[in-house]
Amino acid sequence: MGRRAPRNEEERDEFDERVIDITRVAKVVKGGRHFAFRTVVVVGDNKGRVGVGVGKARSVPDAIRKGTERARRNMTRIALSGTTVPHHVIGRHGGATVMLKPASPGTGVIAGGGVRAVLEAAGVRDILSKSMQSANILNVAWATMDGLKQLKNAEVLAAMRGKDPDEVRPFWERRARNDEQREENSN
């Protein structure tokens, strides 16, 4: 039996795939050590969907392929507020902690290593972040995913707090909305 062809070739090409870590790992057996490669791959559509996958194989290309497949399978939709995140959040995984904070347009992605790769693949263009405690790239990537999964859009957050959605939006979005309303009222 042959392998099945991908359902939609165009769908495969529209994803942003990034290999963020390649590590040689060893399994100790009776006759010595068996070496393999572990890769961490981030896949995103730059529109709010992102996934992280880990692949392990004896050769690097096979490990990358496995990691990419797992990342596609693990893709989740995240709440974005324009080009940034809707609110401050802290993600944790293992020993890694990642703080994500919304930033005004034009700030750029202020992040390093695994955090930057995950955020850019998700489509975030303006954000402030800080990676704390562990520097392990895999745990940092998973912590970033944990933080992104915690995000809620302004309407849901406002309903939870019993406030108007405009009160929980970042100040630059409130200002833009007020300017639009003033223009409509003046016409």
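Predicted model: local features only at pLDDT ≥ 70, side-chain atom pairs only at ≥ 80, totals over all residues.
**View 1. Salt bridge between Asp16 and Arg18.** The model contains seven salt bridges, and one of them joins the side chains of Asp16 and Arg18. The N to O distance in this pair is 3.0 Å. Asp16 has a relative accessibility of 18% and is therefore classed as buried, the limit for that class being under 20%. Arg18, with a relative accessible area of 26%, is partly exposed.

**View 2. Salt bridge between Arg38 and Asp21.** In this pair, the closest N and O atoms lie 3.3 Å apart. Asp21 belongs to strand 1 (residues 16-29) and Arg38 to strand 2 (residues 32-44), so the contact ties together parts that are 17 residues apart in sequence. Both Arg38 and Asp21 are buried.

**View 3. Salt bridge between Arg65 and Glu69 in helix 2.** The side chains of Arg65 and Glu69 form a salt bridge with an N to O distance of 3.4 Å. Both residues lie in helix 2 (residues 60-73), and because they are four residues apart there, about one helical turn separates them. Arg65 is partly exposed, at 33% relative accessibility. Glu69 is likewise partly exposed, at 32% relative accessibility.

View 4. Among the contacts of the model is the pair Asp16 and Arg18, shown in the opening view, whose side chains meet at 3.0 Å, N to O.

Notes. Residues numbered from 1 in each chain as written. Heavy atoms only, no water. Salt bridge = Lys/Arg side-chain N within 4 Å of Asp/Glu carboxyl O. Buried < 20%, exposed > 50% of the residue type's maximum accessible area, 1.4 Å probe, protein only. Helix = DSSP H or I, 4+ residues; strand = E, 2+ residues; numbered from the N terminus.
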